[in-house]
Amino acid sequence: MARLTFLGHAAFHVEGGGLDGLIDPFLTGNSMAPFSQEDFNDVNYIFVTHGHGDHLGDTPEIAKRTGAMVVATVEMCHVLEGIKCHPLQIGGAFTFPFGRVKMTPAWHGSSVQGSSDKEMIYGGVAGGFLIEIDGRKIYHAGDTGLTVEMGLLAEDGVDVALLPIGGNYTMDIDDAVRAVKMIKPRVAVPMHYDTFPLIKASPGEFAAKASEFAEIKVLKPGESLEV
Ligand code: NI
Ligand code: MN
């Protein structure tokens with residue numbers, strides 16, 4: 001069994017099988033976050049889909065404080081110098097003590113904000129993660145547009161798909177519904193909406209349109225789901 005807690009935006013706390021993990025822990029500056037980065041003291045892994053501030057978030061602070069291993073692209077690991085980092089790349093997988101993690105494709109960018117407003121440090125490609133814990137498969141899409149590669153996940157038997165619905169930077173509701181059709185997860189959870197004015201979207205509308213294809217769980221920030 002695995003337990004997923006929504007932390008607002010694209011951030012999740014994932015527990016089970018020896019994993020106390022965070023995915024894209026954007027907490028400081030996230031108006032939807034129910035917890036602050038100081039609330040996470042026992043984290044052992046942090047999965048970072050790409051370098052944008054609303055995903056890298058509090059990763060450096062939490063990793064330094066807890067000694068957690070960051071899992072990200074080779075390029076992101078290079079940027080995060082001084083932090084324990086396991087490099088993965090699209091299509092690659094590694095079996096960690098808690099289970100297997102595969103990095104999945106995402107159509108998006110990846111850069112880390114430098115010290116000045118104009119400076120952007122190259123972060124490699126953006127990705128998502130297929131995380132297996134205790135026989136459960138959790139797919140976090142990261143920031144992405146709809147891609148045909150999502151169809152490959154249909155064979156994986158995804159238990160829960162975490163999908164962006166906010167549009168503008170990622171899939172909107174209608175494309176996220178198409179993603180559900182392609183991925184065929186048991187449960188889908190909408191994310192990456194309402195945090196900023198540009199990504200306003202109705203999770204209820206997504207639920208109404210996608211419930212024909214999977215069970216839809218709309219999680220309020222702080223709410224958990226047992227998988
Ligand atoms: Ni992004
Ligand atoms: Mn984003």
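In this predicted model, the residues lining the largest pocket fall into seven nonpolar, three polar and three charged. The lining is made up of 13 residues, and those that lie nearest the centre of the pocket are Lys102, Thr104, Pro105, Leu152 and Leu153. Strand β8 (residues 99–105) supplies four residues, the largest share of this lining. The space inside the largest pocket comes to about 180 Å³. As a general point, rolling a probe the size of a water molecule over the atoms shows where empty space is left.

Attention now turns to strand β14. This strand covers residues 187–191, and it is largely enclosed by the rest of the structure, because five of its five residues are buried. Val187, Val189 and Met191 point one way from β14, while Ala188 and Pro190 point the other way, and all are buried. Strand β13 (residues 160–164) runs parallel to β14, and five bridges join the two. Within this pairing, Leu163 is found opposite Pro190 of β14.

After α2 comes Gly67, with a positive phi near 80°.

Backbone angles bring in two further residues. Most residues other than glycine have a negative phi. Is His9 buried or exposed? The relative accessibility of His9 is 1%, so His9 counts as buried, the cut-off for that label being under 20%. Lys184 also has a positive phi, in this case near 55°, and is likewise a residue other than glycine. The loop that holds Lys184 lies between α4 and β14. With a relative accessible area of 56%, Lys184 is exposed, since that label applies over 50%. Side by side, then, His9 is buried, whereas Lys184 is exposed.

Key:
Residues are numbered from 1 along each chain as its sequence is written. Chains are lettered from A and ligands numbered from 1 in the order in which they are written. This is a predicted model: local features need pLDDT of at least 70, side-chain atom pairs count only at pLDDT 80 or more; totals for chains, interfaces and linings use all residues. Side-chain values use heavy atoms; hydrogens and water are left out. Buried means under 20% relative accessible area, exposed over 50%, partly exposed in between (1.4 Å probe, protein chains only). Two strands pair if DSSP finds at least two bridges between them. On a 1 Å grid over the protein atoms alone, a cavity is a set of points where a 1.4 Å probe fits but cannot get out, and a pocket is an open set with protein on both sides within 12 Å along at least five of seven lines; lining residues have an atom within 4 Å of a point. Grid points are joined across faces, edges and corners, and a volume is the space filled by probe spheres set on the points. Ala, Val, Leu, Ile, Met, Phe, Trp, Tyr, Cys and Pro count as nonpolar, Asp, Glu, Lys and Arg as charged, and the others, Gly among them, as polar.
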